[in-house]
Amino acid sequence: MKMNGARIMLECLKKEGVDTVFGYPGGTVINLYDELFSFKAIRHILPRHEQAGTHAADGYARATGRVGVAIATSGPGATNTVTGIATAYMDSIPMVIITGQVPTALIGNDAFQEVDIIGITRPCTKHSFLIRDVKDIAITMKKAFYIARSGRPGPVLVDFPKDVQMAMGEFHYPESVDIRGYKPNLSGHPRQVEKAVAMILDSQRPVMYVGGGAVLGDAAEPLTQLARKLSVPVTTTLMGLGAFPESDPNSLGMLGMHGAYCANMAMTHSDLIIAIGARFDDRVTGKLSTFAPHAKIIHIDVDPTSIKKNVRVDLPIVGDVKDVLTKMISQADKTKEKLAEFITALTPWHSDISGWKEKHPIGYKQSSTIIKPQFVIQKLRELSDDDAIISTDVGQHQMWTAQFFQFNKPRTLLTSGGLGTMGFGLPSAMGAQAAFPDRQVITICGDGGIQMNIQEMATLVQNKLPVKIVILNNNFLGMVRQWQELFFDKRYSSTCMELPIDYIKLADAYGAKGFLATKPGDVESVIKAGFKEKGPVIMEFKIAREEKVLPMVPAGASLNEMVLNA
Amino acid sequence: MQHTISVIVENDFGVLSRIATLFSGRGFNIDSLSVAPTNEDGLSRMTIVTRGDAQILEQINKQLNKLIDILKVLDFSDGSAIERELALIKVAAEDDARAEVLRIVDIFRAKIIDVTPKSYTIEATGNPIKIDGILELLRPLGLKEVVRTGAVAIGRGAKGWNG
């Protein structure tokens, strides 16, 4: 059946199981939007800025595990997606971003609203395509989705010129796709798996270091099973939170720059680190020359470039995390006696770890007069649904959420780790809520980040997305202020945002509800009132102004040189 | 340490750019770069001379392999390849220097491809080290212009890159 390129594109999305897209119309996508008007299979949500649209597709992908889809017009629409694309790239999120482009004959001519978006996003996309002919739309989209979701996931950009959208063609969706240069290795080598289990059973102070890859690879179940079977303590990165239940006694919590004392000490004193879907990022390792001085390292990852990039690795295993962990469980099952001996011999190590947990637990000084941000996080934990999805913006509040909320399930924390993008919180929650209309979705933001995509209040109200927005307001750009306090003699250069904003009035302007808490006694009632609302809600909490995120590993220090009190 | 890497790539638009961006974005050096189609349909072969220690070289190989349009990375750093380069050299030559230029050209089995009363233009091919050599000898006479292609490399033995 003959149809135009725009319609073919939508049929491709439908074939790929896409039911929701976030996009913003414009001149070079008006044909696509004309087809969308009557295309019932896809729900289109209009954000109020393309950056938010991209973050929403990102949040959708993080929450569901499916490929998020965003649409923008050419020129400024496309450039507005760059931050969103880079955010997804750094955290390996599967996404397809479709940008309109000027007609093929005008490409390279400095046409109206033309940019070389492929050139601009080359360093921050997993791959990109320019569709030059209506015949190529289907195979391009098949490839784009395959690349986005396979191996180490990532954002793929598809540039779609206007004349190709208007051209007529036949729609045939290919059965399969074969890309000569892209064959990710998903199956862990059985001999490497054998060696890994043997190394674990030979160790005395093992620790599992779990990253975002365990969440992206849907490996929480085999991970939890294996960790419990071996009785090995588990620490996760910010991106790995939820892959292993923090309620488990063997959970050490988050490690790294603002990680728990016990987690950082365990890494430093370990004799075997089992890295699972993690990349030894600088926020985690501290000074590389003194990182884990006594540990052998097993590194399990689907991306070979992550292995041996920053640290020397004794046993690399390239493969899908779920596949490798499942094989390790079978292997461990064959070693009954040695396993029992191994677990008994771990007693001194578990006792060391308990000691560290007791010595410096994650904590804060409660106050009866000022609201402490950590207290708000604890209360949110207590009063929120078990399967609530939490998104954060970026800054101190993000770290406090990671430290105090306690995540037990994967895909319940949506946070920009790699790029650290302010303005991520609200739109990513929007995307998650669109994916799960019946689940409680809460975004925790600072007063800085919330203003970067505040216009999305309109999207929430128009589309009936009842996101619960928590603003921890200290009238500061908190994380930068903390560094200025610790390292720049409190010279608060451009971090003070004194202007008081009436968030209740702001919510009302958009047709939403707002609540304000100014004293510790208000916290519980404000949260309860906010959660009870059927629509989107802002809950503002005026928090202590100069609270610090601790512990902290200062830049250039070793992982065990944490500042515990300041 | 210099390394020569050959990369077999899909001849799709933007692939050269993506490789160049990979190198510049991660701070890898490109000492020279040469690219042209191969005997196989839709494939091109790119030869890159880069420099770095063993850890950097491993990262370069892995990052290149990760790119979607790259089919194979051939690392010729272990000396298992034959390397060749072509240079076009315009050298000033008057009076006594003219005979000296001809002697050097003869020694290196190069060719004269252009001649004027004041200059010779020479075509030289060979291992890059040989090209360095002829340039060093010609330098005192006055090099007016030097155009080098950068190295290309091919593995020894009967097998092609694909077996």
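**View 1. Domain 1 of chain A meets domain 2 of chain A.** Six residues of domain 1 of chain A are in contact with six residues of domain 2 of chain A; contact means that C-beta atoms, placed from the backbone, lie within 7 Å. On the side of domain 1 of chain A that touches domain 2 of chain A, one residue is nonpolar, three are polar and two are charged. Ala, Val, Leu, Ile, Met, Phe, Trp, Tyr, Cys and Pro count as nonpolar, Asp, Glu, Lys and Arg as charged, and the others, Gly among them, as polar. Chain A is divided into domain 1 (2-170), domain 2 (190-359) and domain 3 (373-542), with bounds from an automatic or database domain assignment. The C-alpha centres of domain 1 and domain 2 of chain A lie 38 Å apart.

This is a predicted model: local features need pLDDT of at least 70, side-chain atom pairs count only at pLDDT 80 or more, and totals for chains, interfaces and linings use all residues. Residues are numbered from 1 along each chain as its sequence is written, while chains are lettered from A and ligands numbered from 1 in the order in which they are written.

**View 2. Helix α17 of chain A crosses helix α18 of chain A.** The axes of α17 (residues 373-383) and α18 (residues 396-404) of chain A come within 9 Å and cross at roughly 50°. Axes are lines fitted to C-alpha atoms, for helices over the stretch in contact, and angles run from 0 to 180 degrees between N-to-C directions. Helices (H or I, at least four residues) and strands (E, at least two) are DSSP runs, numbered from the N terminus. A:P373, A:Q374, A:I377 and A:Q378 in α17(A) meet A:H397, A:W400, A:T401 and A:F404 in α18(A). This contact has four nonpolar, four polar and no charged residues.

**View 3. Chain B touches chain A.** The contact takes 16 residues from chain B and 15 residues from chain A. On the chain B side, α1 (15-25), α2 (54-66) and β4 (70-75) each give two or more residues. α2(B) gives the most, with five residues. The chain B side has four nonpolar, six polar and six charged residues.

**View 4. Four strands of chain B form an open sheet.** The order is β2-β3-β1-β4 (chain B), and the pairing is antiparallel. Strands pair if DSSP finds at least two bridges between them. β2 (32-37) and β4 of chain B stand at the edges, each with a single partner strand, so one side of each is left without a neighbour in the sheet. β2(B) and β3 (residues 43-51) of chain B pair over six bridges. B:S32 stands opposite B:V49 in β3(B).

Key. Contact = placed C-beta atoms within 7 Å.
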